[in-house]
Amino acid sequence: MKKFEDILVQCIEDIKAGRSSIEDCLDRYPSMREQLEPLLRIALEIREPPDVKPSSSFKVKARVWLMDQIHERQPVTKWPWFRYNSQVKSIPYRRRFSMASIILVIVLALSALGGGAAYAAQDSLPGDALYPVKLGTEQMRMMLPGDDVVKAERALSFAERRVGEIEAMAEKERPQYLSLAVEGYDDALNMTLARIERAGDKGLATGNITARVAEATTKHLSVLDTVYDMVPPEAKEAVAHARNLSETGYFHAMAALAKNNTVRAAEMNLAAMEGRLNRVRARVGDVEAVEIALQQFEAMAEFSEEISQIAQAIGLNITKVEELVAEATSIHLEVLADVWERMPEQAKPAIERTMANLQIRHQRRVQALEQRGIKAPTAPDIQPGQLRERLEKRIREQQMEWSVPDDVPQGQGQTCLAYRR
Amino acid sequence: MYQNNSEGQALDEAMLVQKAIGDDANAFGRLYDMHVDRVYRHIYYRVGNEADAEDLTQQVFLNAWQAIGRYKKMASPFIAWLMTISHNLVVDFYRAKKDKAYLEAEALADDSSLSPERATEASFEQQSLRRAILQLGGDEQQVVILRFMEGFEFAEIASVLKKKEGNVRVILHRALVKLRNILEKERK
């Protein structure tokens with residue numbers, strides 16, 4: 001005879017799969033009806049939890065912290081130079097070297113190869129014999145004196161080099177080593193962000209370096225877009241990963257910048273959003289590229305709200321920021337409406353979604369400004385037609401999804417951004 | 001950051017896990033990207049507020065990195081293992097509060113924080129059910145959440161809890177009986 005718990009589980013599975021109803025199950029096991037029914041009803045009531053997402057800034061900050069913890073706890077001897085040993089000879093086991101012995105090896109290598117080798121190494125790419133020397137000299141540069149801001153700048157310069165290498169390998173049709181450069185980019189960017197964080201903790205001024213990281217990562221995104229379009233399919237994943245890393249770095253830097261200079265952060269974020277719209281316009285017809293660029297655009301649009309929230313949390317006036325964003329949004333909507341006309345049908349829903357989200361946020365922003373007696377540009381009128389109908393429908397759906405009581409903070413991200421670390 | 005929607009996602013993850021076990025921090029970073037949303041959502045459901053959910057989520061991944069050498073892919077996917085770490089951290093978190101009433105107070109007092117984006121969906125019944133689930137004991141709560149909310153198979157849950165599949169079904173039965181009792185008491 002079947003055990004009760006097996007019957008219970010089977011009934012739940014059958015009902016959830018639509019193969020059966022509660023009554024069917026109860027009819028099948030009449031002697032267990034009284035016991036079975038309340039348990040079935042409870043089990044069927046339990047649903048997936050609401051789709052609560054962590055904020056972009058938390059995810060970024062947590063990732064940087066995690067990488068920092070991991071690298072701090074790894075033996076200091078985990079030099080990237082050593083990771084590329086597979087290009088020279090394979091190493092069957094991981095060995096540990098002291099910092100002194102690593103430096104000694106680099107110095108000996110340079111002595112053997114001649115001073116010119118160090119210079120020649122600077123143009124080398126992953127896969128080249130001298131590439132480990134290039135990375136080794138970078139590590140040595142990190143050991144030179146300097147505070148955390150200076151070291152962050154050095155690390156950022158290495159990140160820029162990695163992007164340059166990625167671009168060069170795509171142009172030279174050497175995609176097989178792309179993932180090595182991407183790993184190096186990840187390392188360098190994490191190092192940059194970790195140093196900025198430490199600098200901030202020590203009370204050093206980080207406004208300029210965070211702005212530079214935000215600018216640099218925006219440029220990296222554009223470069224990586226071009227590289228993505230160039231490389232063969234088997235190399236695209238590595239480049240997509242590099243793009244994700246750029247975004248991570250971008251959001252982290254922007255979150256830090258927003259605390260120092262909200263208006264500058266808002267202006268830079270809007271410029272980055274325009275960059276994404278340019279990508280959309282340049283790739284009309286490429287559904288995948290358009291969808292990715294729109295996702296990036298939307299993440300930045302959400303981030304505009306977070307910039308305001310960060311500013312509010314530390315007691316800054318956000319009116320100027322809100323005005324800037326409202327004006328830009330109006331233009332973004334016009335651009336998207338124009339792009340929609342030229343898009344293939346399968347890409348239109350993605351644009352409609354983006355426009356609907358923008359409109360809803362824009363309405364809220366305009367209302368908030370008007371309550372403060374400030375007139376903000378309203379959203380452009382969309383001509384009656386297919387786009388307008390679809391947009392109106394999406395806006396209704398989105399508003400129902402986002403519908404919250406008045407006393408609860410609105411928006412899809414989290415609203416309390418307390419930086420505890 | 002985007003989820004990788006390609007067909008070989010499970011294979012990619014297996015490769016990343018192997019690399020992470022081999023001390024590859026970058027691979028672990030990608031595992032973080034893949035799973036942070038889901039871990040956060042799971043913890044948020046159980047602690048009911050953003051600050052604690054963020055703290056615990058960070059800690060889950062650090063603990064996972066430190067224990068990655070012990071992860072063995074049996075019947076449980078990597079995310080199931082992360083859920084176990086999450087569960088243990090949440091249990092420790094409440095234990096540190098030293099007061100079960102805290103658990104009830106958090107769950108009862110702050111309905112709006114449960115789902116600020118979907119407040120209309122969070123009906124009174126769902127709130128009662130959530131409160132009841134959070135009052136279950138360790139394994140019972142874990143089985144209910146992993147099965148009904150996270151969608152894991154019994155074999156996967158068994159692997160995570162290091163129990164036999166049959167035992168997991170017994171635990172589920174027990175959990176549902178307890179939920180029924182808690183809800184009946186509440187209605188009175």
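**Working through the model**

Q: Does B:Lys162 count as buried or exposed?
A: B:Lys162 counts as exposed, because its relative accessibility is 73%. Buried means under 20% relative accessible area, exposed over 50%, and partly exposed in between (1.4 Å probe, protein chains only).

Q: Before we go on, what are the ground rules?
A: This is a predicted model, in which local features need pLDDT of at least 70 and side-chain atom pairs count only at pLDDT 80 or more, while totals for chains, interfaces and linings use all residues. Residues are numbered from 1 along each chain as its sequence is written, chains are lettered from A and ligands numbered from 1 in the order in which they are written, and side-chain values use heavy atoms, with hydrogens and water left out.

Q: Where is B:Lys162 placed?
A: B:Lys162 is in the loop between H9 and H10 of chain B; helices (H or I, at least four residues) and strands (E, at least two) are DSSP runs numbered from the N terminus. B:Lys162 has a positive phi of about 60° although it is not a glycine.

Q: What does chain B look like overall?
A: Its secondary structure comes to 10 helices and 0 strands. Buried residues make up 56% of the 188 residues in chain B.

Q: How do H8(B) and H10(B) pack?
A: Helix H8 (residues 138-149) and helix H10 (residues 165-187) of chain B pack at an angle of about 100°, with their axes 9 Å apart. Axes are lines fitted to C-alpha atoms, for helices over the stretch in contact, and angles run from 0 to 180 degrees between N-to-C directions. H8(B) and H10(B) are therefore roughly perpendicular to each other; angles under 35 degrees count as roughly parallel, over 145 as roughly antiparallel, 65 to 115 as roughly perpendicular and the rest as oblique.

Q: Which residues make that contact?
A: They include B:Val143, B:Val144 and B:Phe148 of H8(B), and B:Ile171, B:Leu172 and B:Leu176 of H10(B). Contact means heavy atoms within 4.5 Å.

Q: What else does B:Leu176 contact?
A: Leaving aside neighbours within four places in sequence, B:Leu176 is in contact with residues including A:Leu8, A:Ile12, A:Leu39 and A:Ile46.

Q: And the largest nonpolar core: which residues touch the most other members?
A: Of its 86 residues, A:Leu40, B:Phe28 and B:Leu176 touch the most other members. Helix H2 (residues 25-47) of chain B gives the largest share of this core, 13 residues. A nonpolar core is a set of buried Ala, Val, Leu, Ile, Met, Phe, Trp, Tyr and Cys residues joined through side-chain atoms within 4.5 Å. A second, separate core of 62 residues includes A:Val321 and A:Ile360.

Q: Changing topic, where is A:Leu358 found?
A: A:Leu358 is found in helix H16 of chain A. A:Leu358 is buried, with a relative accessible area of 5%.

Q: Which residues does A:Leu358 touch?
A: Not counting residues up to four places away in sequence, A:Leu358 touches A:Phe297, A:Ala301, A:Thr329, A:His332, A:Leu333 and A:Leu336. The C-alpha atoms of A:Leu358 and A:Thr329 are separated by 7.1 Å, the two residues being 29 residues apart along the chain.
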